[in-house]
Amino acid sequence: MLKQALAQNGLIAILRGLQPQDAAAVGDVLYAAGFRVIEVPLNSPSPYESIATLRKTLPADCLIGAGTVLTAQQVQQVKDAGGQVIVMPHSDAKVLRAAKAAGLYLSPGVATPTEAFAALEEGADILKLFPAEQMSPAVVKAWLAVLPAGTVLAPVGGITPDNMQAFLDAGVKGFGLGSGLFKPGMTPEQVAVNAKAYVAAWKALR
């Protein structure tokens, strides 16, 4: 279902710093704009509460996940809150295995081909290319030439509507969007403006 969601709209919303009381309203505008994968990093205020709220208030075709997952214990807490996707800045095998054992989708962070192959071996569903600022589209294209066919790479970090084209041309299938989409303190209306701009760029470039 994760790959299907990204095929519909390859943009992943990363809501770092989201306040639980804002989760429902922000989730609504993101869903209305076309987002189908929403991530709440665990270094946000009361992240499990926000994850639970998003899961309860958004339709089933929108996957809710947690980012910055660092331990196997956190994997279980995410699942208990209703989260379906585990997103990591790294590729700790213990966390990867815990996520797969829990039946959750998995998107570990990778920065080298060695990490990418190891993460796929552990069952990663998509690979988070992080930080994307240090990876040129040429590097991405070289990776995809050797990674298994169908591997989904999603750059995260510094992605704007203006720099998506080069990465898409290199073969990426999605993007993680952080502060360009959402910053703590933004109103739902401000988030909606940003979301619509990203989705418009995605549709135009695709």
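I take two strands as paired if DSSP finds at least two bridges between them. Strands (E, at least two residues) and helices (H or I, at least four) are DSSP runs, numbered from the N terminus.

I note that the model is predicted: local features need pLDDT of at least 70, side-chain atom pairs count only at pLDDT 80 or more, and totals for chains, interfaces and linings use all residues. Residues are numbered from 1 along each chain as its sequence is written, and side-chain values use heavy atoms, with hydrogens and water left out.

Entry on the sheet. I looked up strand β1 (residues 11–14), which pairs with β9 in the parallel sense over three bridges. Leu 11 has Phe 175 in β9 as its bridge partner. I then traced the open sheet of six strands, with parallel pairing and the order β5-β4-β3-β2-β1-β9. Its edge strands, β5 (105–107) and β9, each pair on one side only.

Entry on the rings. I counted rings of Phe, Tyr and Trp (its six-membered ring) as a pair if their centres lie within 6.5 Å; planes under 30 degrees apart are stacked, over 60 edge-to-face and the rest tilted. This rule gives two aromatic pairs. Phe 167 and Phe 175 are edge-to-face, at 6.4 Å centre to centre and 80° between the planes. Phe 175 and Trp 202 are also edge-to-face, because their planes stand at 85°, with the centres 6.4 Å apart. Phe 175 lies in strand β9 (residues 175–177) and Trp 202 in helix α9 (residues 188–205), so this pair ties together parts 27 residues apart in sequence. I record Phe 167, Phe 175 and Trp 202 as one aromatic cluster.
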